[in-house]
Amino acid sequence: METTITPSFSTTATVVRSSTTGKQNNPIYRQITDEKIALFIGHSYVDVPQETPSFKYLVAEHIEDAQQAIDQLLNVYRKIPAVIIYRFNSSYETDLANWEAYFEEHQVLSSIPFFLYTDQLSAPLKSLVKKHNFIDEIITRECLVSRLAEKVNFVSKFKRMHLFADKTPETSIVATSGKHINHLLKRIFDVAVAGALLLLLSPVFLLIAILIRLESKGPVFYSSPRAGKNYRMFRFHKFRTMIPNADKQLQQLKDRNQYNTSENGPVFLKFSNDPRITRLGKFLRNTSLDELPQLFNVLVGDMSLVGNRPLPLYEAASLTTDAWAERFLAPAGITGLWQISKRGKKDMSVEERISLDINYANKHSFVYDMWLMVNTPFAMVQKDNV
């Protein structure tokens, strides 16, 4: 077989079957082992620029060919693809079920980003991401051409962190019977209190929803992916306090960031007098009423009433060192040590915030949580508009 790994796409490709003798001197071997491989599976030709410096593309027409190519990469070159890109087609149900079974059988591939490629996004496609957990994201040609390396780097880094966390024994919960009891009491308390508050506050939910819709167009709730305990991702809910599409204006506001961030250090964003916040949103934030929808997150087990705040993915991805990652050993929570100590205050460094989170992670218990809950009402009203 001949190798057709090139910077551009072709309709079919296979990996050369090379003997182990002298393969290090084989230019094809060196090309494959030295480059990042992007494996693309699709029935149709895809036009992309000839030069793609970050990747060498290996293209297979069918998933059987793609999986055979992966096996050859593993067995001959001791290498796995940097990313797998599956082009959406009419046989997607059978193909995705096949991929799911393949990944269950080959756990070593669990950290590889898997992207679904499409010419146009649609609601049914988005539902596939929820149905098949191994699909990390849907991408279009624009991403394929200009932002693929950035996305691959972020997703692969995040998946490696997640895999490491899954393999780490949860000694904070099951190492002793006492800690196991603390975990059980915490969960019972979370479900009972969150359920009761949702029932009691339902009129408040309705009133806030009406006011949000009257003030500005857009959804009542703001939902985004967040990283909680052990870097586990979930959908995080709040009442919308900003104008629609506020996330697209982040770059324009970086000079207002209340946190000092270095190029290679942790990234936290919090803006003083954020112009994207609506008048009602400012009131909801200053009174913490925007946090009420997180009671649903508590009820389903994504979060706890007390814990470290779940972080946006770009923030979590900057906290991967041994020193910073310790804060993810604690449950994600609505309130916690950081909230009652420094919430809404401008004079706080990134290091100080993370140290508070690590402090809680090291000594959290049911009794300590109760103390934090008692002190939470005094911290609910912010003094500064941040």
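Helices here are DSSP runs of H or I with at least four residues, and strands are runs of E with at least two. The model is predicted.

**Exercise 1. Describe how H2 packs on H3.**
Task: Work out whether H2 and H3 run roughly parallel or roughly antiparallel, and list the residues in contact.

Solution. 
- Step 1. Locate the helices. H2 covers residues 63–77 and H3 covers residues 92–105.
- Step 2. Read the geometry. Their axes come within 11 Å and cross at roughly 20 degrees.
- Step 3. Apply the cut-off. Angles under 35 degrees count as roughly parallel, so H2 and H3 are roughly parallel to each other.
- Step 4. Assign the hand. H2 passes H3 in a right-handed crossing.
- Step 5. List the contact. H2 supplies Ile63, Ala66, Gln67, Ile70 and Asp71. H3 supplies Asp95, Asn98, Trp99 and Tyr102.
- Step 6. Sort by class. The contact has five nonpolar, two polar and two charged residues.

**Exercise 2. Check the confidence.**
Task: Find the average pLDDT, then the stretches given below 50.

Solution. 
- Step 1. The protein averages a pLDDT of 76, and 71% of the residues score at least 70.
- Step 2. Residues 1–31 fall below 50. This stretch has 68 contacts in the model beyond near neighbours in sequence.
- Step 3. Residues 166–175 are also below 50. Here the model has 13 contacts beyond near neighbours in sequence.

Definitions and conventions
Residues numbered from 1 in each chain as written. Predicted model: local features only at pLDDT ≥ 70, side-chain atom pairs only at ≥ 80, totals over all residues. Heavy atoms only, no water. Axes fitted to C-alpha atoms, helices over the stretch in contact; angles between N-to-C directions. Parallel < 35°, antiparallel > 145°, perpendicular 65-115°, else oblique. Left-handed = near helix turned anticlockwise from the far one by under 90°. Contact = heavy atoms within 4.5 Å. Nonpolar A, V, L, I, M, F, W, Y, C, P; charged D, E, K, R; others polar. pLDDT = per-residue confidence, 0-100.
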